[in-house]
Amino acid sequence: MAHAVTLIPGDGTGPELAEATRVVLEATGVQFDWDLQQAGIDEYEAHGNPFPEATLESLLRTQVGIKGPTTTPVGSGFRSVNVLLRKELDLYSCIRPCKSYEGVRTRYPETDLVIVRENTEDLYAGIEFEQGTPENARVRALLAELGSTVREDSGISIKPISIFGTERIVESAFDYAKRYGRSKVTAVHKANIMKFTDGLFLHVARDVAARHPEIAFEDRIVDNLCNQLVSRPEEYDVLVLPNLYGDIVSDLAAGMIGGLGMAPGANIGAKSAVFEATHGSAPKYKGLNQVNPTALMLSGVMMLRHLGEEDAAIRMENAIASVIRTGDKVTYDLKARRDDPTAVGTIEYAHAVIEEMNS
Ligand code: NAD
């Protein structure tokens, strides 16, 4: 039976990346019943809403989506589609495998990490009080009453981390480790400084770890982790992090495996899952058929696994790995020199992957 999947091309380079990914997914032989839906800046400009109700309804129905990146203009009233999506579907777990493939230029060829980032809490919860506003003054007055003074000219962001939120993200990390044969989970925090938020995260992580004795567990302070990741990445396996550290360490790890064009991701909730690359819409490359679709294709591989199509996932990942290893029919960012005239376009790379899969 065909899998019902919501396909959101997004904007910027999103549509060309989504098309390259769709054709490769279809070439695996798995049957998809695509429900094409829109989101992003083009949709906003055309109809005034970057995240239409129909797109949300489709995701609620299919419970599985694959999405190209969407632009969030800085300093406008425009709300991030990604934030809305995570909130509406409670996609609390962001899973970002970061694996070095042979043929990609990287100083870290041994890297094979999985980052599990909490998606709903922490400084990203959106609880902010602008400097100079009456609300800010009330928060400062309350803090003063509680014995903490904050300078009058401060902006204030609140960092909530709950037992509930931590338990489910750490469970999600252990679940991933078990399902995909990983041996260790590392909880990342700054509990030495933020005792009641990161301290709670660490405490709860330890409790959850005690329920999974078959998987090793350790913790690292986030600054030390960054240092160790770039000196001994092979020592790390699954990392579980609160939202902000997860965001930053994801980009660090993407750099370690050859850049944003290589880093896939999944946002998973209790009921639904949306698969998308770590990178953004790279708008300056829009319509040029140049950018690397690997990150979205590998997100597609994650989606195949989520749908129980393990055999197709292996074939698709192996074909991508083989095209990268050979290095002929790859996009500019995977060439030794970015101006290499032998680089192929986004869709030609997809065709090379299909050819490899069928060979
Ligand atoms: P970006 O990831 O879009 O691009 C930064 C640079 O990385 C690009 O200029 C390009 O050189 C490189 N790059 C990114 N993807 C690539 C690919 N597939 N192949 C080759 N090179 C690639 O980051 P940005 O410029 O900071 O963000 C652009 C827009 O995307 C912003 O509006 C941002 O809010 C949005 N964004 C969306 C998502 C998402 O939809 N999930 C994620 C991050 C950023």
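These legends go with close-up views of a predicted model.

**View 1. Helix α1 packs against helix α12.** Let's start with a pair of helices: α1 spans residues 14-27, and α12 spans residues 346-358. Their axes come within 9 Å and cross at roughly 10°. Angles under 35 degrees count as roughly parallel, so α1 and α12 are roughly parallel to each other. On the α1 side, look for E16, L17, E19, A20, V23, V24 and A27. Facing them from α12 are T346, I347, A350, V353, I354, M357 and N358. Sorted by class, this contact has ten nonpolar, two polar and two charged residues.

**View 2. Helix α8 packs against helix α9.** Here you can follow α8 through residues 222-229 and α9 through residues 243-256. The angle between the two helices is about 5°, and their axes are 11 Å apart. That angle makes α8 roughly parallel to α9. From α8, the contact uses V222, L225, C226 and L229, while α9 brings Y245, V249, L252 and M256.

**View 3. A shell of 21 residues surrounds the ligand.** If you want a few landmarks, the closest residues are T70, T72, G280, A282 and N292. By class, the shell divides into seven nonpolar, ten polar and four charged residues.

**View 4. T70, H279 and S281 place polar atoms by the ligand.** With H279, look to the side chain instead, where a polar atom lies 3.2 Å from a nitrogen atom of the ligand. Taken alone, the ligand exposes 810 Å², and the protein buries 70% of that area.

How values were computed. Residues numbered from 1 in each chain as written. Predicted model: local features only at pLDDT ≥ 70, side-chain atom pairs only at ≥ 80, totals over all residues. Heavy atoms only, no water. Axes fitted to C-alpha atoms, helices over the stretch in contact; angles between N-to-C directions. Helix = DSSP H or I, 4+ residues; strand = E, 2+ residues; numbered from the N terminus. Parallel < 35°, antiparallel > 145°, perpendicular 65-115°, else oblique. Contact = heavy atoms within 4.5 Å. Nonpolar A, V, L, I, M, F, W, Y, C, P; charged D, E, K, R; others polar. Near = heavy atom within 4 Å. Polar contact = N/O pair within 3.5 Å; in protein donor to acceptor, adjacent residues only side chain to side chain. Areas by Shrake-Rupley, 256 points an atom, 1.4 Å probe, with all protein chains shown as cover.
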